[in-house]
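This report covers a sheet, then aromatic pairs, then charges over rings. Keep the model open while reading.

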Amino acid sequence: MQGASSGIGYGLKYQARCISDVKADTDHTSFLTGTLSLKEENEVHLIRLSSGGNELICEGLFSHPNEIWDLASCPFDQRIFSTVYSTGEAYGAAIWQIPELYGELNSPQLERITSLDAHVGKIKGVLWWPSGRNDKLISIDEETLFLWSLDCSKKVAQVQSQESAGMLHNLSGGAWDPHDMNAVAAISESTTQFWDLRTMKKTNSIERAHIRNIDYNPKKKHILVTAEDESGIHIWDLRKPKVPIQELPGHAHWTWAVKCNPEQDRLILSAGTDSTVNLWLASSSTSDEFTTESLLDSPTRRIDPLLSSYSDYEDSVYGIAWSSREPWIFASLSYDGRVVVETVKALLSKK
Amino acid sequence: MGVDDVPLDDKAKRMRDLLSSFYSPDPSMSSSSDTTSSSSKRTTLDDINSSSFDPDQYMNLLVHKSNLERLLQRHVEMAAEIKNLDTDLQMLVYENYNKFISATDTIKRMNSNIVGMESNMEQLLEKIMSVQSRSDGVNTSLFEKREHVEKLHRTRNLLRKVQFIYDLPARLGKCIKSEAYADAVRFYTGAMPIFKAYGDSSFQDCKRASEEAMAIIIKNLEGKLFSDSESIQARAEAAVLLKKLDFPVESLKARLLDKLAQSLADLQLKTEEISNASVDPKDLSQEESNPGSAPAATHEASVREFAEAIRAYRIIFPDSESQLIKLSQGVVTKHFEAVEEYVKKRICSTDLLHVLRIIWTDVLLMDEVLHEAALPNYSLEAAKVAVKQYVASTFSHLLHDISDSLTEVHVKQKEGVGEYSLQTALEASKRAVLQGSMDVLVDFRQIIEDNLELLVQLKPLIIDLVQEGFQDFFGALDDHFLLLSGGNNAVSQDQGFVEGTQVDKAFAGLVLVLAQVSVFIEQTAIPKITEEIAASFSGGGARGYEHGPAFVPGEICRIFRSAGEKFLHLYINMRTQRISLLLKKRFTTPNWVKHKEPREVHMFVDLFLQELEATGCEVKQILPEGLRRHRRNDSNGSTNSSRSNPLREEKLSRSSTQRARSQLLETHLAKLFKQKIEIFTKVEYTQESVVTTIVKLCLKSLQEFVRLQTFNRSGFQQIQLDIQFLRTPVKEIVEDQAVIDFLLDEVIVNASERCLDPIPLEPPILDRLIQAKLAKTRHQNPVTP
């Protein structure tokens with residue numbers, strides 16, 4: 001299962017954690033990535049896959065004032081993205097705009113549209129609604145969930161509502177339901193909480209500890225995937241939050257990130273601190289009859305869900321992103337600042 | 001013609017044939033068979049006699065074939081023949097003419113003879129007429145007398161009948177006395193029509209008397225039928241007679257069968273008693289040593305009795321067969337119900353055999369008298385079910401035993417019994433698996449080797465059952481193991497982190513035991529069982545060959561190999577998870593940016609080492625010791641690679657913010673040229689391998705936690721100090737020191753990268769702090785065990 005080194009590489013200057021697909025760019029397959037360097041001048045790279053699909057081109061290089069812990073591209077405007085950054089002592093989050101005509105400038109500066117500076121704690125992430133134009137934005141810090149109303153033209157963002165998840169919960173991230181603009185999942189130390197944004201109340205929860213990352217299945221409602229430190233990947237049906245509907249073994253060390261393919265609802269990508277990226281094919285019957293017996297089912301009776309394992313990385317892989325324009329392409333980012341873009345077309349055609 | 005007896009020469013014979021053919025229209029009719037055949041033989045062209053004779057052709061042929069001399073000769077012959085024919089013809093004409101003349105003479109004579117006949121005939125007719133009239137006269141004169149004689153005869157018969165009826169009561173009484181019931185019934189049934197016709201008038205007394213007598217007879221017959229002491233023939237006769245008397249025999253039969261059924265209930269109870277008795281091994285041994293012991297003997301006697309009764313009833317009531325069959329099948333069914341009940345308890349094969357043998361003797365006894373019931377077949381079917389149940393229950397008991405011996409560790413640790421119960425649990429479960437399976441096999445072999453006919457017929461089935469049983473058993477065992485690990489997992493998760501530690505500890509041990517037991521099953525138990533099965537349970541074949549043998553050791557081995565690996569990983573995972581939790585608390589709690597100067601080694605190191613020690617302790621009990629060696633690239637199951645980088649540490653000492661950038665570049669370059677070090681290698685079933693894997697995973701986690709923080713100088717120094725302290729004790733317990741060194745270095749490098757002001761501690765200070773900590777631990781050691 002050792003992935004062939006068919007990937008196309010691209011090197012960042014410094015260490016990096018986050019990469020995002022530029023969903024709004026419908027003409028090219030592009031990714032945004034930002035570096036994480038405490039002491040150097042950090043950069044945001046706009047990378048584009050060449051039309052031949054065999055080269056990664058740096059389309060834009062912008063300096064960013066602080067090290068970037070989270071980066072998310074706006075799903076309806078390819079020039080807008082959000083970052084979460086740290087100055088070493090404090091955290092901040094901001095919405096940026098890539099300047100026009102940046103290709104002609106020598107060292108273009110990013111335009112800061114606005115800062116999301118209502119946070120007190122450590123900011124964990126900024127969420128855009130993944131399914132299209134929406135003037136709302138969510139930001140999550142350790143204790144609180146903020147719902148912002150963003151106006152790009154006026155360059156203002158206002159806190160619409162906020163709610164504390166409670167001191168002890170220690171939020172670490174979240175995901176916005178692509179099927180429901182009012183539902184968002186936030187992961188904390190011991191549970192995953194589901195919020196209704198209209199009332200800002202908790203509606204549901206999955207009692208599961210050590211969840212590191214979460215992603216909604218963009219094709220199937222109620223289905224979401226979580227990645228956990230030690231115990232791998234779990235697929236959940238929100239209507240039955242007690243028991244996962246499927247378990248995948250995950251990685252040799254922590255499973256850091258997990259992403260559902262935007263088109264193939266069974267295809268799941270995961271990245272781990274064992275310096276691999278794994279491609280999984282979830283069981284096809286992720287519906288009602290597929291319940292607890294999957295836990296007791298002996299592994300011999302099922303086919304190996306692991307489609308492929310890409311292990312050509314030097315360090316832990318923290319960032320992965322599917323391209324929404326070409327959903328058989330994904331980009332991965334290891335801590336040493338190497339972006340690798342792989343295509344899974346060959347694997348898919350085999351199935 | 002009077003020439004037949006003269007021997008004919010060929011020529012004359014031919015001549016005659018020709019003549020006769022001339023007279024008769026069909027030549028084949030007149031000529032005899034042999035002449036036709038001979039003539040047909042000669043029907044060629046040169047046959048002058050054939051009907052299809054062609055003179056021209058014949059002439060041609062003759063001219064062609066013969067010389068002149070022969071032709072001349074032939075001519076002479078022919079001329080002579082023609083002459084002969086002519087004379088013959090002439091003679092025939094004369095003869096015929098003669099005959100014609102004599103025939104005319106004869107006709108003339110006949111004509112003259114017939115003339116006087118008619119008058120004679122008329123005379124004869126007259127005489128016959130007179131004879132007839134005389135005979136009629138005699139007939140009419142005798143008619144009256146004959147009528148009278150006939151009447152008298154009828155009256156006499158009637159009188160005789162009346163006499164018989166008047167005598168009937170007396171006669172019946174006589175019959176009763178002499179017990180000649182058959183005659184009595186015959187008489188009575190003979191008189192029955194008369195009684196029916198005139199019973200109410202002329203023969204009233206007679207009828208009453210004879211009915212009374214008949215009542216006695218019926219009673220006597222009934223008594224005879226019910227009395228067991230009477231001979232079967234007598235009883236059968238009685239039944240037949242009763243039937244003749246239109247007595248409701250069916251109800252009698254029903255009563256008798258009821259009685260029989262009741263006696264069956266007694267029979268059943270006795271079987272129960274026997275099986276109950278044999279539950280107690282003492283009783284059993286007594287029974288076996290003394291086969292004539294009371295319960296068995298009485299049981300057999302009662303079965304014999306039952307068989308006798310069946311035999312009797314079959315003769316008495318020939319039409320009761322189906323009911324009897326039903327009854328006897330009922331007995332067998334109840335027997336087997338008892339057996340099934342019995343099998344539910346834990347019994348050994350000898351007990352089962354004992355019971356089956358009793359049943360089989362019963363069945364044979366019954367079969368003798370009631371062959372149509374097909375009891376052997378019936379009981380064979382029932383025995384199949386019983387044996388199937390026995391096999392199933394045996395395996396479930398085995399499973400239960402194993403699970404008991406496994407869960408013991410859990411219970412005992414909860415009760416606070418010593419740590420070493422883990423080892424004993426392992427030994428106990430190993431024993432339970434192997435010894436239990438062997439015992440089961442011995443048990444089954446006993447059944448197979450027994451020569452009881454019932455079981456001999458079932459042998460292929462039992463073999464298949466045993467094979468299937470083992471296959472299913474190991475499948476179930478695997479499921480059960482999973483349940484033991486998975487089920488407890490859910491429990492411990494439900495309990496959460498507050499109270500979870502104690503449960504977890506025992507439970508992690510259990511998982512480790514499970515892993516080792518799985519390996520044991522795969523490597524030792526299965527081969528042994530396979531051997532045993534091959535030796536005495538081969539060739540079942542009742543399943544049909546296309547399915548192959550029911551017991552597939554390869555598959556089971558595979559299942560348990562993967563299960564073992566799974567449990568081992570689960571164990572490692574559980575252990576690592578606990579340490580991860582510890583590390584997580586350590587790294588998320590303090591504010592690293594405002595960390596104070598390090599004064600001593602942080603206590604999380606102690607906790608970390610404690611956990612490792614506990615793990616080591618568990619592992620030592622269960623797993624074998626491996627060879628201590630330094631591993632490099634000999635792993636195949638690796639999933640990760642990284643490059644060691646001793647250069648970086650050197651750089652670290654003189655690193656500064658200005659040079660950090662170039663340094664990073666350098667480290668990248670350095671990485672490229674370093675040999676890859678495999679971090680996550682395949683785990684083996686050795687103490688060192690498991691501990692090393694856990695340590696590696698934990699150090700990797702440590703590194704990841706460090707990467708998530710931002711440190712000030714003091715925070716960095718604290719990390720440096722802690723890691724430095726860890727180095728020695730950790731290296732002592734692992735097998736791959738290079739990787740550990742590398743990982744520890746990585747932690748420090750990562751911390752320095754995440755540090756705002758990475759200035760390491762001076763080595764003397766580092767040393768002093770470590771020494772202080774060591775002294776402290778030494779001081780504590782005598783206190784804590």
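## Sheet

Two strands pair if DSSP finds at least two bridges between them. The model is predicted. In chain A, four strands form an open sheet in the order S2-S3-S4-S5, with antiparallel pairing. Its edge strands are S2 (16-21) and S5 (56-64) of chain A, each pairing on one side only. From one strand to the next, the twist averages 20°.

Strands S3 (residues 30-35) and S4 (residues 42-49) of chain A run antiparallel and are joined by five bridges. A:Thr33 has A:His45 in S4(A) as its bridge partner.

## Aromatic pairs

Over all chains, the structure holds 23 aromatic pairs. One of them is A:Tyr310 with A:Phe330, edge-to-face at 5.4 Å centre to centre and 70° between the planes. A:Tyr310 sits in strand S25 (residues 306-310) of chain A and A:Phe330 in strand S27 (residues 329-334) of chain A, 20 residues apart. Both residues are buried.

In chain B, the ring centres of B:Phe481 and B:Phe560 are 6.2 Å apart and the planes are at 85°, so this pair is edge-to-face. B:Phe481 lies in helix H17 (residues 453-495) of chain B and B:Phe560 in helix H19 (residues 553-588) of chain B, so the pair ties together parts 79 residues apart in sequence. B:Phe481 and B:Phe560 are buried.

## Ring cluster and charges

Ring pairs link A:Trp254, A:Trp256, A:Tyr318, A:Tyr335, B:Phe587, B:Trp592, B:Phe604, B:Phe705 and B:Phe711 into a cluster.

Which residue lies over the face of A:Tyr318? A:Arg17 does, at 4.1 Å from the ring centre. A:Arg212 lies over the face of A:Trp256, at 4.6 Å from the ring centre.

Methods
Residues numbered from 1 in each chain as written. Chains lettered and ligands numbered in written order. Predicted model: local features only at pLDDT ≥ 70, side-chain atom pairs only at ≥ 80, totals over all residues. Heavy atoms only, no water. Helix = DSSP H or I, 4+ residues; strand = E, 2+ residues; numbered from the N terminus. Axes fitted to C-alpha atoms, helices over the stretch in contact; angles between N-to-C directions. Phe/Tyr/Trp six-rings, centres within 6.5 Å; stacked < 30°, edge-to-face > 60°. Buried < 20%, exposed > 50% of the residue type's maximum accessible area, 1.4 Å probe, protein only. Lys NZ or Arg CZ within 6 Å of the ring centre and 35° of its normal.
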